[in-house]
Each structure stands twice: as C-alpha cells, then as structure tokens.
Amino acid sequence: MAASPASVESVIRPLGSCLTKLGFEVYPLKVGWYNSVLPPSLHLPYPDDTLAVVVLSTPAMFEQAFLPFLEQRGIQKPCDPVDQCVRDCVSTAVSQSFSELKVDVRYDYELLPSRKPKFLAQTAAHVSGAAFYYQQSDVTDQPWAGKKMFGVCIHPSFGGWFAIRALLVFEDVTVGSELVQPAPPDCVPSREDRIKLLEAFNFRWQDWSYRDIVPPAQTYSERQKEYFSTAPALRLALLRTWGLLPEEEVQPDLSPDEQSQANGHG
C-alpha cells in the first residue's frame, strides 16, 4: 500500500482517547526528526515524513492501568508484568482505532537480533517535544574528568516520574508541513542543576532524587514506589502479598520431573 497523507489529529485523537484515561500520554513525530540525530545504523527504516507516535506512562498508569490489568487479566510468565500491561493497553488501542492501518509497534524493552534496542526511547521523547533528554554534552566545563555520564529525560510536568514505553510507526501514513517539530521544554536550564541531575541519576538513581529535579505535578504512589524499589525477581511475590496474583502464578518454572515430585507423584 502506498503511503497516504493524513491529519495528525486523525491519529492522535483516537489513540489518546484510548490511552489517556489509562495514564498514558502520546506525542506525534516524524521519522525524519528521529533519524536526523542518529547514525544510519540506528535509523528507523521508513521515509522521513512517515508519522510516528511516542507513548509515555505517567504516575497514574500504575493505578489506572497496571493494577486493574492484574485483577482482570492476570499475567503470563516469564514476561515482566508492567511490560505485559503496556503491551495489552497499546495493542488494544491500535487494534480498536487503526484496524485498517499497518502500525509497527516497538516497545522500550525489545531488542533487534543485533541486540540493539528497537528504538532509542529517550531520543524519541526528545525529538517529539515530550521531554528534554539531558546528556553529558549539555554541560559546559564538565567536572567529571572524562568519566562517562548517562543521560536522562525530564518531563516538564512529572520531572523524572514517568517512563517512555513505546514507539508506534504508522507505516503508510505521511504528514507534511502541518506537523512542526516542537522544542522539548528545557526545565533544567542551569549548568549547576544539570550537573546535579546527571550525578543523581548516575550515582544515586535508587534514592529517586533525580526525579524531583523539577517540582512534579504528580509522583509515584507509595505502593508504586514499593513495587519499583523491589528487585525484579521478587516482584511477583510482592504482588501475591497484595492479593493480586494467585499462588500458582508466582511459583518457579519447574521441569516435568520437578512438577511431578511437587505434586506428590514420584
């Protein structure tokens, strides 16, 4: 099918209608914006005017989507529960709203056969204007003596209390000059605060402090903090203590022989 022009609103409105109430945000971008700041080996294989949408989760997602998902649907091991919830929410929105369109959905946790990520989440958020990606190169007179410092995105409303979850590429939809690239809000403009942010993210990310570099409109709830502070291997057990998973869903995977012995058949 040849690419066809479409209004950005005709994509964003139905997608947002499905996802906003679940605690997500959606931001449109052109593939060319993304590809222009990356080397060819990391480019998305689509023309520059192809429409894409980056999907973020806000603090509300945990209570509005994740906990109801567990109560209503349960999980399938060994996949991460939050990843399963995001996939369910996004795939449902796409199938309900765009059954006639071909959509390449890429999740933040997915890798290509080359072991490279399917998309660079923070780059996508930055070029869409959703969140500013603060990197080492954004600090003048760096104080780290050549040490590698990893960058982090900051949202103008939520600070660091959000996550970049997916990129949707509408393969057969092109957009023209009506979609103008917005600059991401520079909410950490000073050198001193950028140093503070990058050091908090690189050296003390577990204490959550980097997330509060700007006053957030909303943060994670105490239950959400407990969940994400728990080691991934222990999160299913935590969900069981909350009464959100039945006993059998948090048992370790057993071989047929081990399962037989566990069931009392030797």
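User: Quick one to start: is Arg13 buried or exposed?
Analyst: Exposed, with a relative accessible area of 53%. Keep in mind that this is a predicted model.

User: Which side chain does Arg13 meet in a salt bridge?
Analyst: Glu9, at 3.7 Å from N to O. Glu9 counts as partly exposed, at 41% relative accessibility.

User: And how are Glu9 and Arg13 placed in helix H1?
Analyst: They sit four residues apart in H1 (residues 8-19), so about one helical turn separates them.

User: OK, what about Lys30, what does it form a salt bridge with?
Analyst: With Asp49, where the closest N and O atoms are 3.7 Å apart. That pair links distant parts of the chain, 19 residues apart: Lys30 is in strand S2 (residues 24-30), and Asp49 is in the loop between helix H2 (31-35) and strand S3 (50-57).

User: Is Lys30 buried or exposed?
Analyst: Buried, at 11% relative accessibility. Asp49 is partly exposed, at 39%.

User: How many salt bridges are there in the whole structure?
Analyst: Nine. One of them is Glu110 with Lys118, at 3.9 Å from N to O. Shared partners join Arg87, Glu110 and Lys118 into one network.

How values were computed: Residues numbered from 1 in each chain as written. Predicted model: local features only at pLDDT ≥ 70, side-chain atom pairs only at ≥ 80, totals over all residues. Heavy atoms only, no water. Salt bridge = Lys/Arg side-chain N within 4 Å of Asp/Glu carboxyl O. Helix = DSSP H or I, 4+ residues; strand = E, 2+ residues; numbered from the N terminus. Buried < 20%, exposed > 50% of the residue type's maximum accessible area, 1.4 Å probe, protein only.
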